[in-house]
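User: I would like to go through a structure with you before I set up any calculations. Could you take my questions one at a time?

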Amino acid sequence: MLGGPKIINSLGFNLSVFNSNAFLLHYTLRMGCTSLDSLTDWNEPLLTVFNPTDIQPQWGWNDFDFDSNYFWDGTSDLVVEICWYSPG
């Protein structure tokens, strides 16, 4: 629990199952707040917090320091969009 308004400047994912050494091209993270109970449409404006970068995920923790900090109001639900380019 984050406990109130915060500046979020990074995000990490713990990969416990990993079966590829592939690069993820143009890996991008975007964030936004919502008051919706469920996402049925993508109508919330999202802020790009991690600019498109080619990455190679590793087993264990993969941490991403943001290019742009995100201000969370402390009450809204967070939406995190994870995108990358996959040719072919």
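This is a predicted model: local features need pLDDT of at least 70, side-chain atom pairs count only at pLDDT 80 or more; totals for chains, interfaces and linings use all residues.

User: How many helices and strands does the protein have?
Analyst: The protein has 0 helices and 5 strands. Read from the N terminus, its elements run β-β-β-β-β.

User: And the overall dimensions, what box do the C-alpha atoms fill?
Analyst: Along the principal axes, the C-alpha atoms fill a box of roughly 40 × 25 × 25 Å.

User: What share of the residues counts as buried?
Analyst: Of the 88 residues, 25% count as buried. The accessible surface comes to about 6,200 Å², and carbon and sulfur atoms account for 52% of that area.

User: What part of the contacts comes from residues 24 or more positions apart?
Analyst: Such pairs make up 74% of the contacts in the protein with a separation of 6 or more.

User: Now the sheet. In which sense do E2 and E5 pair?
Analyst: E2 and E5 pair in the antiparallel sense, over 8 bridges. In this part of the sheet, Leu25 stands opposite Tyr85 in E5.

User: What about E2 and E3?
Analyst: Strand E2, residues 24-34, also pairs with strand E3, residues 47-55, in the antiparallel sense, here over 5 bridges. Leu24 stands opposite Ile55 in E3.

User: Moving to electrostatics, how many salt bridges are there?
Analyst: The count comes to 1 salt bridge. Arg30 forms a salt bridge with Glu81, and the closest N and O atoms are 2.7 Å apart. Because Arg30 lies in strand E2 and Glu81 in strand E5, the pair ties together parts that are 51 residues apart in sequence.

User: Why would two such side chains pair at all?
Analyst: Side chains of opposite charge can pair when their charged atoms come close.

User: Is Glu81 buried or exposed?
Analyst: Glu81 is buried, since its relative accessible area is 17% and the cut-off for buried is under 20%. Arg30, by comparison of category, is partly exposed, with a relative accessible area of 26%.

User: Which residues does Glu81 touch?
Analyst: Leaving aside residues up to four places away in sequence, Glu81 touches Thr28, Leu29, Arg30, Trp42 and Leu46. With Arg30, the side chains are joined by a polar contact of 2.7 Å.

User: Switching to the surface: which residues make the nonpolar patch?
Analyst: Leu78, Val80, Ile82 and Trp84 make a nonpolar surface patch of about 330 Å².

User: Where does Ile82 lie, and how accessible is it?
Analyst: Ile82 lies in strand E5, which spans residues 77-85. At 36% relative accessibility, Ile82 counts as partly exposed.

User: One last topic, the backbone. What is phi of His26?
Analyst: Phi of His26 is near 55°, which is a positive value in a residue other than glycine.

User: Where is His26 found, and what is its relative accessible area?
Analyst: His26 is found in strand E2. Its relative accessible area is 45%, so His26 is partly exposed.

Definitions and conventions: Residues are numbered from 1 along each chain as its sequence is written. Side-chain values use heavy atoms; hydrogens and water are left out. Patches are made of residues with over 30% relative accessible area and no salt bridge: like charges are joined within 9 Å, nonpolar side chains (Val, Leu, Ile, Met, Phe, Trp, Tyr) within 5 Å. Accessible areas come from the Shrake-Rupley method with a 1.4 Å probe; for residues, only the protein chains shown count as cover. A salt bridge is a side-chain nitrogen of Lys or Arg within 4 Å of a carboxyl oxygen of Asp or Glu. Helices (H or I, at least four residues) and strands (E, at least two) are DSSP runs, numbered from the N terminus. Buried means under 20% relative accessible area, exposed over 50%, partly exposed in between (1.4 Å probe, protein chains only). A polar contact is a pair of N or O atoms within 3.5 Å; within protein, one must be able to donate a hydrogen and the other to accept it, and residues adjacent in sequence count only if both atoms are side-chain atoms. Contact means heavy atoms within 4.5 Å. Two strands pair if DSSP finds at least two bridges between them.
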